[in-house]
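Please look over the sequence and the structure below before reading on. The briefing that follows is arranged by topic.

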Amino acid sequence: MNGENRGNETVRPYTTAPFYSYFSNKLRLLQCDMKRRSIILLVISLCLSLSTFIATCENICPANLESNCDDGSSGDWKGEFFPGIPKIKYEGPTSKNPLSYKWYNAEEVILGKKMKDWMRFSVAFWHTFRGTGADPFGAPTKSWPWEDGTNSIQMAKTRMRAHFEFMEKLGVNRWCFHDRDIAPDAKTLEETNANLDDIVELAKKLQEGTDIKPLWGTAQLFMHPRYMHGGATSSELSVYAYAAAQVKKAMEVTHYLGGENYVFWGGREGYQTLLNTDMKRELDHLATFLQAAVNYKKKIGFHGTLLIEPKPQEPTKHQYDWDAATSFAFLQKYGLADEFKLNIECNHATLSGHSCHHELETARINGLLGNIDANTGDPQIGWDTDQFLTDIAEATLVMLSVVRNGGLSPGGFNFDAKLRRESTDVEDLFIAHISGMDTLARGLRNVAKLMEDGSLAELVKKRYQTFDSEIGALIEAGKGDFETLEKKAMEWGEPTVPSAKQELAEMIFQSAL
């Protein structure tokens, strides 16, 4: 044992090590404490500087626009929301100006109608003015210059004024909205309705003296936690009632603003698993809900079209209005086919395993094509990406269905499409819509070429020409009984089956693009 024993006390040899160790530790602690304090002071200083910067710069316009904005001192935006952006005009296909139409000439007559009457374009409020660029893997990437970071009534009014300036500069006179996009939720339904009334009154005032009005309105029955099991298909009676009250109000304000249609998109009307789901009961409840909407529409004198927007899944695993055919079967079963039409969204079509053209034709031939949400998805991505439609061939097929339908009125084309996450300039909002409008306009021009040429229509007619006979007419009239057909089969012998000429059809189609 080290040290000397003095009774019960052990005396250790004298050493300076503990002394230096003690003060060395104290010194290190003091230095760490000073560093911590320095860091804290630095953070506080940076926060103060940042808050000062934000306070002075929150309304600064992007660098690519001429600065003509509010100085942020009034709490309300003044002046233009889109300074430096002129009213968009048609300049023709040779123009290199990104802020001009190359193919969409609103007043030009194509196939007997003005282009604006074929198209009836609409701006989607939610993507255009509430889109932030956020996705499941990342935070928002954009906040427009007029945004103050709140969801207040004042902010909602500012957005609405920006929205109307955007439409006027774009030359579009229709818009679409969800109730909760344009006005914030409150603590009670009564307070929420009051918020909505406040914003709707502003929209009504902004519409005065213009030809702007809603193409359609709808209720947002998918975002709030109360709707996690659905709205009309919720297992909870109180949620069903709340959803009914919300649709009632949304239908009223759509009517008040002169809206031409009302849409039902059942994002939560479906299931995640059948193990805990009474599917029949939920479908029955959905049908009862829609019938109540029909009844209320008639009660308030709303003459707009009621539209169902099919989608197969997302956010639910299975949505009850999977595609156009499923929606048609549902409407037929519950006696609602004469009360509703369909709002076909191209990206939803591809999610259901169909082309947009297929869904449009399914709706059209059944008398259900009422409106189109003009967008597209990415074939490499398996979800609803809501991109602006820029594919000329797809746009031509879309317009082929629209022309065959005689147009879409009182429906139209709503741009249910959003900027890419990486597109963050204000002018990108204009460029995206211009591109989408030009693409569909070019599609219409291509359809005119196909119809003037007539080769594709003749190919199709020739393919079915054997039915343009006495026995063919008998079959198409529903009078072709099996006994008669058996006699004809024996008389004619083995059929000679001609080519379908698919490659020729594709060649004719491509020649018009």
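How many disulfides does a search of the whole structure find? The search finds one disulfide, a term used here for a pair of cysteine sulfur atoms within 2.5 Å. This is a predicted model, in which local features need pLDDT of at least 70 and side-chain atom pairs count only at pLDDT 80 or more, whereas totals for chains, interfaces and linings use all residues. Residues are numbered from 1 along each chain as its sequence is written, and side-chain values use heavy atoms, with hydrogens and water left out.

**Disulfide and cysteines**

- The disulfide is formed by cysteine 346 and cysteine 356, whose sulfur atoms lie 2.1 Å apart, and the link is left-handed, with -50° about the S-S bond.
- The pair links distant parts of the chain, 10 residues apart, with cysteine 346 in helix 10 (residues 346-351) and cysteine 356 in helix 11 (residues 356-365); helices are DSSP runs of H or I with at least four residues, numbered from the N terminus.
- Cysteine 346 is buried, at a relative accessible area of 2%, and cysteine 356 likewise counts as buried at 2% relative accessibility, where buried means under 20% relative accessible area, exposed means over 50%, and partly exposed lies in between (1.4 Å probe, protein chains only).
- Cysteine 176 also counts as buried, with a relative accessibility of 0%.

**Nonpolar core**

- The largest nonpolar core holds 105 residues, of which Phe82, Leu170, Trp175, Ile182, Phe264, Phe413 and Leu440 touch the most other members; such a core is a set of buried Ala, Val, Leu, Ile, Met, Phe, Trp, Tyr and Cys residues joined through side-chain atoms within 4.5 Å.
- Helix 13 (residues 426-453) supplies the largest share of this core, namely 11 residues.
- As a general background point, nonpolar side chains tend to be buried together in soluble globular proteins.

**Helix 16 and its two ends**

- Helix 16 (residues 482-492) is hardly covered, since the count of buried residues among its 11 residues is zero.
- At the start of helix 16, a side-chain oxygen of aspartate 481 reaches to within 3.2 Å of the backbone nitrogen of glutamate 483.
- Glycine 493 follows helix 16, and its phi is positive, near 75°.

**Salt bridges**

- The count comes to 21 salt bridges, each being a side-chain nitrogen of Lys or Arg within 4 Å of a carboxyl oxygen of Asp or Glu.
- One of them joins aspartate 185 to arginine 180, with the closest N and O atoms 3.2 Å apart; aspartate 185 is partly exposed at 35% relative accessibility, whereas arginine 180 is buried at 9%.
- Glutamate 252 forms a salt bridge with lysine 248, the closest N and O atoms being 2.8 Å apart, and both residues lie in helix 7 (residues 237-256), four residues apart, which is about one turn of the helix.
- An α-helix has 3.6 residues a turn, so residues three or four places apart point the same way.
- Glutamate 314 pairs with lysine 311 in a salt bridge whose closest N and O atoms are 3.2 Å apart; glutamate 314 is partly exposed, at 27%, while lysine 311 counts as buried, at 3%.
- Elsewhere, salt bridges that share partners join Arg120, Arg174, Lys213 and Glu260 into one network.

Note on methods. Polar contact = N/O pair within 3.5 Å; in protein donor to acceptor, adjacent residues only side chain to side chain.
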